[in-house]
Each structure stands twice: as C-alpha cells, then as structure tokens.
Amino acid sequence: MRQDQGRPSLQFWSTPAVAAALAECDIPAVLAEVQRVNGWTQGQLAEAVGYSQSWVSKVLRNRQPLTVDQVREISVRIGLPLHLLRFGARGDDDPTKRRDFGKAVALTAFAALPLPKCVGVDETTALASTGVVYGFGPARHLDAREGRSM
C-alpha cells in the first residue's frame, strides 16, 4: 500500500475503510488509516501533515475542528486527491460542494457528541411548570396546577 515518501498508492483511497471515511468527509478517520498503513507514530503523522503532534492527537480524537483550508493543505501533503473530498484547489472550488463538505463535517462532529441523559418525568414535573402555551392564534395558557384554560 505504501508509495514513495510515505504517500499511499492510488488504490489506498478506494479501500473500504478509507472510502467510507471519504464519503462522510471524516478526515480524522482518513488520517488514522494513513497512519496505520504507513506504520507511523502520531509524531511521524504530524510531521507528514505539517502540524504538531498534540494538534494531530486532537484531530484524531475529534477534539480539533478543521477548516476547509486545513483539510486542503493536509490532503495535498498526504497525497489525497482533492476531488475525492468534492472540492478543488484553493479558490477553484464550487461553493455548493464546499457547503456539502461543511455539512458532512458538522454531522460527523455532532455524531461524536454524547446524547443527553434522559430525565425522569412524573406527576410533579407538570406541577413545576407555571403554564403551557398551546393552540394557534392568540396565546392560550393552561394552568398546570389546576388544569384549567386561561
């Protein structure tokens, strides 16, 4: 899978794990695969992409958001064809494709967030609220304590 200077071969980009990561614009997963295939440490990966090891660590753990320009720069350095990310060279990309990339990155980031804990609801929950607005038109309130419309 390796090519000269640690750049993966063209076939690498179509392997199932990498193709799935590219489809979701999951750059941390792509970087992790590049690291794995080359047998690199995080420090070596950091050197290859031109950033510090701590920055790469944050990226790999989805703790460091990436700008489109950073992704473009990293892609060039690891030999990732830019068209696989659905945008071209700086200033040459389609705004629609760039927006699609941004949406995919945001969805990937949201997927990594933990879900909020479900809070139990019982008869005292409704009593704690002072009123509930319902219906259309003029606001009508329901007094939760007495169950009457206002």
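**Figure 1. Overall view of the predicted model.** The accessible surface of the protein chain comes to about 9,900 Å², and 57% of this surface belongs to carbon and sulfur atoms. The model is a predicted one, and its protein chain has 150 residues, of which 31% count as buried. The chain contains 7 helices and 3 strands, and these elements follow one another from the N terminus in the order α-α-α-α-α-α-α-β-β-β. When contacts between residues at least 6 apart in sequence are taken as the reference, 38% of them join residues at least 24 apart.

**Figure 2. Close-up of helix H1 and its buried face.** Helix H1 spans residues 16–23, and within this helix Val18, Ala21 and Leu22 are buried. Seen down the axis of H1, these buried residues fall within an arc of 100°, so they line one face of the helix. Pro16 and Ala23, by contrast, lie on the other side of H1 and are exposed. The packing partner of the buried residues of H1 is helix H2, which covers 27–38.

Figure 3. Cys25, which follows H1, is found in the loop that runs between H1 and H2. The phi of Cys25 is near 55°, a positive value in a residue other than glycine.

**Figure 4. Close-up of helix H3 and its surroundings.** The buried residues of helix H3 are Leu45, Ala46 and Val49. These buried residues fall within an arc of 100° when H3 is seen down its axis, so they line one face of the helix. Packing on the part of the buried residues of H3 involves several helices, namely H2, H4 and H5. Beyond the end of H3 comes Gly50, a residue whose phi is positive, with a value near 85°.

**Figure 5. Close-up of the crossing of H3 and H4.** Two packed helices are described by the angle between their axes and the distance between the axes. For helix H3, residues 42–49, and helix H4, residues 53–60, the axes come within 8 Å and cross at roughly 100°. That angle makes H3 roughly perpendicular to H4, because angles of 65 to 115 degrees are placed in that class. On the H3 side the contact is formed by Gln42, Gly43, Leu45, Ala46 and Val49, which meet Gln53, Val56, Ser57 and Leu60 on the H4 side. Sorted by class, the contact of H3 with H4 has 5 nonpolar and 4 polar residues, and no charged residues.

Figure 6. The place of Asn62 is in the loop that runs between H4 and H5. Although Asn62 is not a glycine, its phi is positive, at about 60°. The relative accessible area of Asn62 is 42%, so this residue is partly exposed.

**Figure 7. Close-up of helix H5 and the glycine that follows.** Helix H5 is made up of residues 68–78, and the buried residues in this helix are Val68, Gln70, Val71, Arg72, Ile74, Ser75 and Ile78. H5 is followed by Gly79, whose phi is positive, near 80°. Gly79 has its place in the loop between H5 and helix H6, which covers 95–111, and with 23% relative accessibility Gly79 counts as partly exposed. When residues up to four places away in sequence are not counted, Gly79 touches Arg7 and Trp13. Gly79 and Ser9 are 70 residues apart in sequence, whereas the distance between them in space, C-alpha to C-alpha, is 8.6 Å.

Methods:
Residues are numbered from 1 along each chain as its sequence is written. This is a predicted model: local features need pLDDT of at least 70, side-chain atom pairs count only at pLDDT 80 or more; totals for chains, interfaces and linings use all residues. Side-chain values use heavy atoms; hydrogens and water are left out. Axes are lines fitted to C-alpha atoms, for helices over the stretch in contact, and angles run from 0 to 180 degrees between N-to-C directions. Helices (H or I, at least four residues) and strands (E, at least two) are DSSP runs, numbered from the N terminus. Angles under 35 degrees count as roughly parallel, over 145 as roughly antiparallel, 65 to 115 as roughly perpendicular and the rest as oblique. Contact means heavy atoms within 4.5 Å. Ala, Val, Leu, Ile, Met, Phe, Trp, Tyr, Cys and Pro count as nonpolar, Asp, Glu, Lys and Arg as charged, and the others, Gly among them, as polar. Buried means under 20% relative accessible area, exposed over 50%, partly exposed in between (1.4 Å probe, protein chains only). Accessible areas come from the Shrake-Rupley method with a 1.4 Å probe; for residues, only the protein chains shown count as cover. The arc is that of the directions from the helix axis to the C-beta atoms.
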